[in-house]
Each structure stands twice: as structure tokens, then as C-alpha cells.
Amino acid sequence: MDKIPILRMGPFLLVTIQVDLYDRLALNLESDLVQKVHQTGARGVLIDISAVSIVDSFMGRILGNIASMTRVLDAETVVVGMQPAVAITLIELGLSLKGVHTALDVERGMALLQEKLDWDTDVADDDGDNIE
Amino acid sequence: MVITLSKDRMSISREQDLVPFRNRVKEAAVKIGMGIVNQTKLITAASELVRNMFRYAGGGEVLIEVVSKGRESGVRLTFTDKGPGIADLSLAMQDGYSTGKSLGLGLPGAKRLVNEFDLKSTVGQGTTVTILKWKNG
Ligand SMILES: Nc1ncnc2c1ncn2[C@@H]1O[C@H](COP(=O)(O)OP(=O)(O)O)[C@@H](O)[C@H]1O
Ligand SMILES: [Mg+2]
């Protein structure tokens, strides 16, 4: 069975989707990613879809599922690199990708995840007894 | 009047047919010089309909036609299956309605993405969906 590689980059996981996914591959990615977040304790997931030319409601649902499942495991998901034609089509299709963060490219997606992580750490610090 | 310039048939029986099918639709769209946004809308609508055919009717056949009307050219797709049919068409066309526990956006979303959309279904006999996307539509 084909698999989409999941790379670890510090506290984050990076997935680059290189081909138009058939359904089984997309479902495998969903379960692999959730397992990997659980195993590694990753705090964020970046999914690069810049090579993907079609996102239909099935694929959209998978992206939404990944985002909500990883959130339960305390990791945010950012989808990066969506082609403009895909974004226009998704809106007309009626898919809102609620709960899925998006960013223009991997660099900005990474910055977004880092920001969220820093913010979390700050909040955690404030809970402590150290006085400013 | 709409004239058919070329015809191509493809039968769909397995999940693995979906990607090659999308490629065939893309070829037809590229052949008439359809822009990337309309191509993406057409292929996404086609992907929804072919998945329905595969999922609810166990497969079927798609007719891929390049058509013209005056100076305009387009791609017409006809999805025919011999599945269970759809009892209530207006319900099936509602956003969010699904008997498959999915998003319920396939039929209504596909309709929004194309220029012409026609759904016919007879319970116990099957379903036919025809969509048409004009090059500049
Ligand atoms: N080819 C078909 N044969 C039988 N029923 C169908 C077919 N296509 C769609 N349907 C019915 O219409 C409903 C709505 O379809 P759709 O809008 O694609 O949403 P979804 O696939 O997410 O359920 C389906 O849940 C199914 O009950
Ligand atoms: Mg559907």
C-alpha cells in the first residue's frame, strides 16, 4: 500500500502531498497523521497541498477531520499552498474548511504554528508564580 | 443548438478509476483551451458525481463529450448508473443532505460549479446526471 511520507521538523510534522490522492490514500494519511501526532507529541501539523489540483468534498472532509482530531491531541493543523483555482472552487462547492488554518506557503505556515506554540508557552508561564 | 464534436466513454467500477477519470476530463477541457479556474470547477464537480455513482450505485458509465454552440465550446459529462435511484430529488439537492454520513455537498455543489445541470432518477432503475461547463462559462 502506498504511503505519504510524514517528516518531523522540531515540534511539528510536515506532509507534502505530491499527487492527486485517491480515497484510500487520503484515509491512510488521516490515520497515520493522528497516530504520529500521538506518538511524537508534535504540537503542529503542516500539510502542503501546493501540488494538489483538485480538492472535492471528500478531500475537504479529510482535511477537516485531521484538523479536529489533531486538535484533541493538542496540535494545530495548517494547510498551506492551496492553488487559487482550488480556493475559488471550494467556496462555490460550499466547503468552508472550518477549523482548518491556512497559510500561503510552508514558511508562513511554520511561522503561524510557531506563534501559536509561543503563545501557549507564554500562557503556561503566566500560570506560574513568577512575578513580572 | 449544441453540437457534439467528440465522444469518449469510460466505465467506473472501482475507486482506482477516479484519478484516471479526472485526467480524461482534464484532457477534454485542455483540448478546448478552458482556463484553469473553469477546469478546476468542472473536474471538482465531476469528481463529486463520479464518487456518488461509485458509492451509492456501485459504479456506472460516464460519457465525456466536447460540444459547441455557436462560437462557444464546452465539455459535457453524462453519468449513468443502474443503482437504487433517488426517491426525493429536491431533498438530495439540499446542502448538507446525505444518506452516506458525508457532507451532502456533492449534488448541490456540483450544480453551482457548472453552467448546466440535469438530474434524472427513477427508484429501482438508476440515476443520470448531466453537466455542462462552457469554456468561458
Ligand atoms: N448516483 C446516485 N444513486 C443513488 N443515490 C444517490 C446518487 N447520488 C446521490 N445520491 C443520494 O443523494 C444524497 C446526496 O448526495 P451528495 O449531495 O453528493 O452528498 P453526499 O454524497 O455527501 O451524501 C446521497 O447521500 C445519496 O442518498
Ligand atoms: Mg456525494
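Me: What are the ground rules here?
Reply: It's a predicted model, where local features need pLDDT of at least 70, side-chain atom pairs count only at pLDDT 80 or more, and totals for chains, interfaces and linings use all residues. Residues are numbered from 1 along each chain as its sequence is written, chains are lettered from A and ligands numbered from 1 in the order in which they are written, and side-chain values use heavy atoms, with hydrogens and water left out.

Me: How do α1 and α2 of chain B cross?
Reply: Two packed helices are described by the angle between their axes and the distance between the axes. Helices are DSSP runs (H or I, at least four residues), numbered from the N terminus. Axes are lines fitted to C-alpha atoms over the stretch in contact, with angles from 0 to 180 degrees between N-to-C directions. Here α1(B), residues 18–31, and α2(B), residues 36–57, have axes that come within 10 Å and cross at roughly 145°.

Me: Which residues in α1(B) and α2(B) meet?
Reply: Contact means heavy atoms within 4.5 Å. Among those in α1(B) are B:F21 and B:V25, and α2(B) brings residues including B:L42 and B:A46. By class, that contact has nine nonpolar, two polar and three charged residues (Ala, Val, Leu, Ile, Met, Phe, Trp, Tyr, Cys and Pro count as nonpolar, Asp, Glu, Lys and Arg as charged, the others, Gly among them, as polar).

Me: What area is buried between chain B and chain A?
Reply: The size of an interface is often given as the accessible area lost when the parts come together. That loss uses a 1.4 Å probe and is summed over both parts. Here it's about 1900 Å², with carbon and sulfur atoms giving 58%. On the chain B side, B:E15, B:R51 and B:L103 lose the most, together 25% of what that side buries. In contact terms, 21 residues of chain B touch 20 residues of chain A.

Me: What do A:D32 and A:K3 form?
Reply: Their side chains meet in a salt bridge, 3.1 Å from N to O. A:D32 lies in helix α1 (residues 23–40) of chain A and A:K3 in the segment before β1 (6–9), so the pair ties together parts that are 29 residues apart in sequence. Strands such as β1 are DSSP runs too (E, at least two residues).

Notes: Buried area = accessible area lost by both parts, 1.4 Å probe. Salt bridge = Lys/Arg side-chain N within 4 Å of Asp/Glu carboxyl O.
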